[in-house]
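Here is a short report on one protein model. Keep the sequence and the 3D view open as you read.

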Amino acid sequence: MIYDSRQTRPLAPLLRPLFPNQPPAADAASPKNQNLAPASTLGPADLSTLLPVQSPGLQVGDIAGRQLAPSVLARLAQGNPRPFFLVGSDEVSLRWLAHHRNTLQSLGAVGMLVQADTAEDVRSAVAAAQGVPMTLGAGDDLARALGIDRYPILITREGLQQ
């Protein structure tokens with residue numbers, strides 16, 4: 001557990017689709033249910049198994065003065081002390097990332113690459129980020145929760161920036 005918002009849920013139910021042959025745990029906290037898969041199936045992540053990353057609910061574009069709903073801002077202020085950003089591997093995102101890299105670093109922002117088809121796409125984004133931490137992930141659910149549909153975008157406690 002990294003952060004307990006008092007709404008923390010067990011991770012085991014979310015992992016079940018990844019390990020369909022594992023029977024559901026009666027008590028996720030019991031020692032016998034600590035591992036959902038045999039150690040022989042675990043290993044280093046392979047980028048090729050993570051791609052492509054697509055977020056059909058998001059597209060490259062200008063947010064044109066849009067702001068987050070007050071309820072979303074209030075939730076961000078409570079549970080998100082660290083700024084984060086969404087980018088793709090497209091030219092607009094790569095230019096945005098290179099242009100804002102110093103600001104992102106000074107804010108301690110973390111990013112999510114929400115669109116990448118190939119390993120070369122990922123390498124291009126990592127090169128543009130030059131050390132700004134990023135992860136791969138579909139951003140549709142997050143975007144829907146925030147009420148956004150465009151990237152690249154920086155999300156802070158104060159709102160949206162592009």
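## A question to start

Which residue in β6 is the bridge partner of Phe85? The partner is Leu154. Keep in mind that this is a predicted model.

β2 and β6 are joined by three bridges and run antiparallel. β2 covers residues 84–88, and β6 covers 153–156.

## The sheet

Now step back to the whole sheet. The sheet is open and has five strands. Their order is β4-β3-β2-β6-β7, and the pairing is mixed. From one strand to the next, the twist averages 25 degrees.

Strands of a sheet pair through backbone hydrogen bonds, and they may run parallel or antiparallel. Both kinds can be found here. Strand β3, residues 110–115, runs parallel to β4, and three bridges join the two. Met112 has Thr135 in β4 as its bridge partner. On the other hand, β6 and β7 run antiparallel, again with three bridges. A hairpin of two residues links β6 to β7.

## Strand β6 and Ile155

In a regular strand the side chains alternate between the two faces of the sheet. Strand β6 has both faces covered. Ile153 and Ile155 lie on one side, with Leu154 and Thr156 on the other. These four residues are all buried.

Take Ile155, which sits in β6. Why does Ile155 count as buried? Its relative accessibility is 0%, and the cut-off for buried is under 20%. Ile155 and Phe85 are 70 residues apart along the chain, yet their C-alpha atoms are separated by 5.8 Å. Leaving aside neighbours within four places in sequence, the contacts of Ile155 include Leu68, Leu76, Leu86, Leu146 and Ile148.

Next, look at the helices. Helix α4 spans residues 91–107 and lies across β2, β4 and β6. Helix α4 runs at about 165 degrees to β2. Helix α5 spans residues 119–129 and lies across β3 and β4. The angle between α5 and β4 is also about 165 degrees.

Two packed helices are described by the angle between their axes and the distance between the axes. For α4 and α5, the angle is about 20 degrees and the axes are 8 Å apart. That makes the two helices, α4 and α5, roughly parallel. The crossing of α4 past α5 is right-handed. Which residues meet there? From α4 come Leu94, Leu97, Ala98 and Arg101. From α5 come Ser124, Ala125, Ala127, Ala128 and Ala129.

## Nonpolar cores

Finally, look inside. The largest nonpolar core has 17 residues. Those with the most contacts inside it are Phe85, Trp96, Leu97, Leu104, Leu113 and Leu154. β2, α4 and α5 each supply at least two residues of this core. A second, separate core has 15 residues, including Leu58, Val72, Val114 and Tyr151.

Leu113 shows how parts of the chain come together. Leaving aside its neighbours within four places in sequence, Leu113 is in contact with residues including Val53, Val87, Val122, Ala125 and Leu136. The opening pair returns here too: Phe85 and Leu154 are both among the residues with the most contacts inside the largest core.

Key
Residues are numbered from 1 along each chain as its sequence is written. This is a predicted model: local features need pLDDT of at least 70, side-chain atom pairs count only at pLDDT 80 or more; totals for chains, interfaces and linings use all residues. Side-chain values use heavy atoms; hydrogens and water are left out. Two strands pair if DSSP finds at least two bridges between them. Axes are lines fitted to C-alpha atoms, for helices over the stretch in contact, and angles run from 0 to 180 degrees between N-to-C directions. Contact means heavy atoms within 4.5 Å. A nonpolar core is a set of buried Ala, Val, Leu, Ile, Met, Phe, Trp, Tyr and Cys residues joined through side-chain atoms within 4.5 Å. Buried means under 20% relative accessible area, exposed over 50%, partly exposed in between (1.4 Å probe, protein chains only). Angles under 35 degrees count as roughly parallel, over 145 as roughly antiparallel, 65 to 115 as roughly perpendicular and the rest as oblique. A crossing is left-handed if the near helix is turned anticlockwise from the far one by less than a right angle, and right-handed if clockwise.
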